Amino acid sequence: MENNQVETIPIQIENLLNLEILDLSFNQIKILPSHIGNLYNLHTLNLDYNKIIKIPLDFSNLVNLKNLELKNNPIEFPNYSVINNGAC
């Protein structure tokens, strides 16, 4: 779904329980819904080049996530030091 001018992530995505890789880079996403936190098998999530301001706390549920790409987003919360270090 990369580079498609996607603005929102549909709630139905939470039904893709076996999803392991999701590439939503180069879109227009501003808000990340908390239901992404239900994708427990996700190990790669690319959100580069969007308009994301906040990372939901539900991302802590993504226990198998090994690769999170967030380049070129105006993220305000949590700050980048938390994202880079993985702790507050």
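Is Asp48 buried or exposed, and what is its relative accessible area?

Analyst: This is a predicted model, in which local features need pLDDT of at least 70 and side-chain atom pairs count only at pLDDT 80 or more, while totals for chains, interfaces and linings use all residues. Residues are numbered from 1 along each chain as its sequence is written, and side-chain values use heavy atoms, with hydrogens and water left out.

Asp48 is buried, with a relative accessible area of 7%; here buried means under 20% relative accessible area, exposed means over 50%, and partly exposed lies in between, using a 1.4 Å probe and protein chains only. Asp48 forms a salt bridge with Lys71, and their closest N and O atoms are 3.3 Å apart; a salt bridge is a side-chain nitrogen of Lys or Arg within 4 Å of a carboxyl oxygen of Asp or Glu. Lys71 lies in the loop between β3 (67-69) and α1 (80-85), and Asp48 in the loop between β2 (44-46) and β3, so the pair ties together parts that are 23 residues apart in sequence. These helices (H or I, at least four residues) and strands (E, at least two) are DSSP runs, numbered from the N terminus.

Lys71 itself is partly exposed, with a relative accessible area of 47%. The side chain of Lys71 also meets that of Glu69 in a salt bridge, at 2.8 Å from N to O, and Glu69 is partly exposed at 23% relative accessible area. Through shared partners, the salt bridges join Asp48, Glu69 and Lys71 into one network, and the structure holds two salt bridges.
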